[in-house]
Amino acid sequence: MTGKTSKCTKENVFKVAAVTTVILIILQFGVSSIFYQYYHPLAVLVSSKIAPVGKQNSSGEFVDIRDFIVSGQLRHKDRLGIASPSLNANASLPRKDEACPFIPPNLRGAVSVDKSIKSYDEIKANYPDLLPGGRWKPKDCVSRHRVAIIIPYRDREAHLKVFLQHMHKFLQDQQLDYGIYVIELAMPTKFNRAMLMNIGFVEALKLYDYQCFVFHDVDLIPEDERNIYSCPEQPRHMSAAVDTMGYRLPYEAIFGGVSALTKDQMKNVNGFSNKFFGWGGEDDDMHNRIVAKGYKIIRYPIKVARYKMLSHKKDKANPERMGLLYQGRKRFASDGLNSLKYKVNKVELRPLYTWVYVEINEEEVKKQLEKDHELAHRRQPRV
Ligand code: BGC
Ligand code: MN
């Protein structure tokens, strides 16, 4: 009798363990989907668990991306307070004054990258309805996102042509209200990527009321249109998987390549540091600024946040970058948008992009840095 009871108990223990495991698995899926929603409403759309990247049907067409997200879309509806886009092809289109569908209807999944270099005229011929300055917005509905693409630039014309040919189609399929800004630094000053991004932020805002800024290396070409170029609630590192890095993050805190911040987030972190001349470190400093303000950097799944890098010679690293990075925190409040000095030589609304040609004075920036150092030392109590 006793033996039978203990056998029963053992069986029960197994049963309880099995049921608990199943419950835990279900809970884990539930919690992680809530987590994704918090990150970005479209995260359900891009979750690699739900959407196999670039899946094609037997006739070689892309499977309609909306099929992947039916359930997720409906779940988000109430929380976001927006109407769910109809998944019925016969449904009426939005009116001109209505917000565009939550999921852009022409979104392709994975897209190929054409690295051939076309002339500006050839590229423009593919985009007859672009407005001067590389501006565009959907005609049939009001875009949900006003986005400025800011490109720090010098001497990479071949890359710029490949970029423009690819990006206009990519951004238009995403139904964005966007403009592309190429911020070119005049010679002979050493390249300063971060300062050019600060300048792009300020200059683009003079031209249009952007809500969202995507800071973009010209040599990175996105490979999946589900990588939506909008700004979610938290700053986003977009180029999470780059082909030359084996489609993996080289380190968890990386914030280089392509990143997205809202106007308010940019202002709140005082933009990028102006002190990084030459290659490296400025993006790591931005990572530290973002974290110091209590934001959490987010990324789309690695299967969607994919980029091809166009080939170029490796730049010379700035030997001072580590020192600047370690001292960075002391300068967050004084070095950035609020100390930005530059001279605009020209702003041109070119057919495919807005060209902002600027000068910066490296000596002046460095002198300011020395002054800041002196001040910081003086303030330190002697022991
Ligand atoms: C540099 C970053 C760069 C990263 C990846 C780091 O060592 O500081 O600026 O983005 O390497 O190349
Ligand atoms: Mn590169």
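Which residues does E184 touch, not counting residues up to four places away in sequence? The answer is in the second of these close-ups, which come from a predicted model.

**Figure 1. The whole chain, for orientation.** Before zooming in, here is the setting. The protein chain carries 10 helices and 11 strands. Of its 383 residues, 47% count as buried. Among contacts with a separation of 6 or more, 81% are between residues 24 or more positions apart.

**Figure 2. E184 and its neighbours.** E184 sits in strand β3, which covers residues 177-185. Leaving out residues up to four places away in sequence, E184 touches Y153, W355, V356, Y357 and V358. With W355 there is also a polar contact, side chain to side chain, at 2.8 Å. E184 has a relative accessibility of 18%, so this residue counts as buried, the cut-off being under 20%. L196 is 12 residues away from E184 in sequence, and the C-alpha atoms of the two are 7.6 Å apart.

**Figure 3. The manganese site.** Here we look at ligand 2, a manganese ion coordinated by D219 through OD and by H312 through NE2, at 2.1 to 2.4 Å. D219 comes from the loop between β4 (212-216) and β5 (220-222), while H312 comes from the loop between β9 (306-309) and α9 (321-331), so the pair ties together parts that are 93 residues apart in sequence. H312 counts as partly exposed, at 32%.

**Figure 4. The largest pocket.** This view turns to open space in the model. The largest pocket holds about 1,300 Å³. It is lined by 48 residues, and R156, D217, W279, H312 and D315 are the closest to its centre. H312 is also one of the residues that coordinate the manganese ion. Elements giving two or more residues to the pocket lining are β2 (146-153), β7 (241-242), α8 (282-292) and α9. The largest share comes from α8, with three residues. Sorted by class, the lining has 20 nonpolar, 10 polar and 18 charged residues.

Figure 5. Which residues of α8 are the buried ones? They are E282, D283, D284, D285, M286, H287, R289 and I290. The cover over them includes α6 (193-207), β8 (258-262), α7 and α9. Just past the end of α8, G294 has a positive phi of about 85°.

**Figure 6. R289, a buried arginine on α8.** Zooming in on helix α8 brings up R289. At 2% relative accessibility, R289 counts as buried. Its side chain reaches the backbone oxygen of D335 at 2.7 Å. A polar atom of the R289 side chain also lies 3.4 Å from the backbone oxygen of V269. Not counting residues up to four places away in sequence, R289 touches V269, N270, G271, F272, S273, R331, F332, D335 and G336.

Figure 7. K275 belongs to the loop between α7 (263-268) and α8. Is K275 buried or exposed? K275 counts as buried, with a relative accessibility of 7%. Apart from residues up to four places away in sequence, K275 touches L324, R331, D335, V365, Q368, L369 and D372. R331 and D335 also turn up among the residues that R289 touches.

Figure 8. Start with the loop between β3 and α6, where P188 is found. A cis peptide bond joins M187 and P188, with omega at about 0°. Next comes D155, in the loop between β2 and α5 (157-173). D155 has a positive phi, near 55°, and is not a glycine. This residue counts as exposed, at 68% relative accessibility. Q175 is not a glycine either, yet phi is positive at about 55°. Q175 is buried, with a relative accessible area of 13%.

Terms used
Residues are numbered from 1 along each chain as its sequence is written. Chains are lettered from A and ligands numbered from 1 in the order in which they are written. This is a predicted model: local features need pLDDT of at least 70, side-chain atom pairs count only at pLDDT 80 or more; totals for chains, interfaces and linings use all residues. Side-chain values use heavy atoms; hydrogens and water are left out. Helices (H or I, at least four residues) and strands (E, at least two) are DSSP runs, numbered from the N terminus. Buried means under 20% relative accessible area, exposed over 50%, partly exposed in between (1.4 Å probe, protein chains only). Contact means heavy atoms within 4.5 Å. A polar contact is a pair of N or O atoms within 3.5 Å; within protein, one must be able to donate a hydrogen and the other to accept it, and residues adjacent in sequence count only if both atoms are side-chain atoms. Donors are N, O and S atoms within 2.8 Å of the metal (3.2 Å for Na, K and Ca); water is not among the atoms, so sites may look incomplete. On a 1 Å grid over the protein atoms alone, a cavity is a set of points where a 1.4 Å probe fits but cannot get out, and a pocket is an open set with protein on both sides within 12 Å along at least five of seven lines; lining residues have an atom within 4 Å of a point. Grid points are joined across faces, edges and corners, and a volume is the space filled by probe spheres set on the points. Ala, Val, Leu, Ile, Met, Phe, Trp, Tyr, Cys and Pro count as nonpolar, Asp, Glu, Lys and Arg as charged, and the others, Gly among them, as polar.
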